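Dear colleague,

I am passing on to you the structure we spoke about, with the sequence alongside. My notes on what was found in it follow directly below, and I would be glad if you read them with the coordinates open.

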Amino acid sequence: MRLAVFGDPVAHSLSPALHRAALDAVGIPGSYEAVRVDEAGMAEAVASIRRGTLDGANVTMPHKALALHLVDEASSEARRAGAVNTLVRVEGRVVGHNTDISGVAQAWRWGGAAVLALQDHTITVATRRPEAGLALLERLGVVGRARGLDVPGGGMVVVNATPLGMQGEELPSCALDGAVGLFDMAYGATTTPAVRRAKERGIPVVAGEQMLLGQAMASFQLWTGRRAPEDAMRRALDASLASREASH
């Protein structure tokens, strides 16, 4: 089985370690490579799955929205999210899925204290333009409110759904002020500044690497029809994180 992850940047991705461990654990011969693909190259990358050069792939930032428009078919979750992160070859067609959704849910379950902090809270979308946040809520049919990025997150569980942190960027300085939890979906070559800052303040944290594991398990099942070997994948994740921290 030949698999890959498409993105730009992609060298930091932990997905190859997770999926190689998973393939080995269930006894499926195969490979999983990180492939840097720019926007112009995405159509050819998807076509490589269609013609069978690859059996499937993950898609990471910044190509998830574009991937939705390049597949032959998309799941209802992917269409609703407006993004595809998993490509599956089915009888010469490329089907797009969004396993980030199940990855988020799984990471919350693993998060323990952060999940408790989330209970009974109203969803607030913070964006550069609050009207864009309101439009997003309306499109998804989700009840919530919108605000700018310069408002403190007092009493909130802060969810970072942006790339901020992948390259060591900080969230807006007030984002964690008074926050009761952090779910940082971003991850990079080192622990993100937001995760470090939250831990220093004693704020419950779910890091992006946990979401990565959750969505990877769902992707693996889509490609193979086999239940993902969580223990093997978690060991690979832990080893990769330990190596990453040691090198920095």
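Glu-77 is a residue of helix 4, which spans residues 76–81, in what is, please keep in mind, a predicted model. With a relative accessibility of 41%, Glu-77 counts as partly exposed, since that value falls between the 20% under which a residue is called buried and the 50% over which it is called exposed. If neighbours up to four places away in sequence are not counted, Glu-77 touches Asn-98 and Ile-101. Gln-215 is 138 residues from Glu-77 in sequence, yet the two C-alpha atoms are 13 Å apart in space.

Trp-110, which belongs to helix 5 (residues 100–111), is likewise partly exposed, at 26% relative accessibility. Its contacts, again not counting residues up to four places away in sequence, are with Gln-210, Leu-213, Gly-214, Met-217, Glu-230 and Arg-234. As for a residue that lies elsewhere, Gly-56 is 54 residues from Trp-110 in sequence and 27 Å from it in space, C-alpha to C-alpha.

Asp-8 and Pro-9 are joined by a cis peptide bond with omega at about 10°, and Pro-9 has its place in the loop between strand 1 and helix 1. Another cis peptide bond, with omega at about 5°, joins Met-61 and Pro-62; here the proline sits in the loop that runs between strand 3 (56–59) and helix 3 (64–70). Glu-91, although not a glycine, has a positive phi, near 50°, and it is placed in the loop between strand 5 (86–90) and strand 6 (93–97). Its relative accessible area is 79%, so Glu-91 is exposed.

Two further residues may be of use as you find your way around the chain. Ala-246, in helix 10, is exposed, with 68% relative accessible area; between Ala-246 and Thr-190 there are 9.9 Å in space, C-alpha to C-alpha, for a separation of 56 residues in sequence. Thr-122 is found in the loop between helix 6 (113–118) and strand 7 (123–126), and, leaving aside neighbours within four places in sequence, it is in contact with Gly-144 and Arg-145. The C-alpha atoms of Thr-122 and Gly-144 are 6.1 Å apart, while the two residues are 22 apart in sequence.

Finally, some values for the chain as a whole. The protein chain has 10 helices and 11 strands. Its radius of gyration is 18 Å, close to the 18 Å that the globule rule gives for 248 residues, so the chain is as compact as a globular protein of that length. Taken along the principal axes, the box that the C-alpha atoms fill is roughly 50 × 40 × 30 Å. Of the 248 residues, 46% count as buried, and among contacts between residues at least 6 apart in sequence, 60% join residues at least 24 apart. The chain exposes about 12000 Å², of which carbon and sulfur atoms supply 53%. There are 25 positive and 26 negative side chains, and the centres of these two sets lie 2 Å apart.

With kind regards

Terms used
Residues numbered from 1 in each chain as written. Predicted model: local features only at pLDDT ≥ 70, side-chain atom pairs only at ≥ 80, totals over all residues. Heavy atoms only, no water. Helix = DSSP H or I, 4+ residues; strand = E, 2+ residues; numbered from the N terminus. Rg over C-alpha atoms; globule rule 2.2 N^0.38 Å. Buried < 20%, exposed > 50% of the residue type's maximum accessible area, 1.4 Å probe, protein only. Contact = heavy atoms within 4.5 Å. Areas by Shrake-Rupley, 256 points an atom, 1.4 Å probe, with all protein chains shown as cover. Lys, Arg positive; Asp, Glu negative; His and termini not counted. Charge placed at Lys NZ, Arg CZ, Asp CG, Glu CD.
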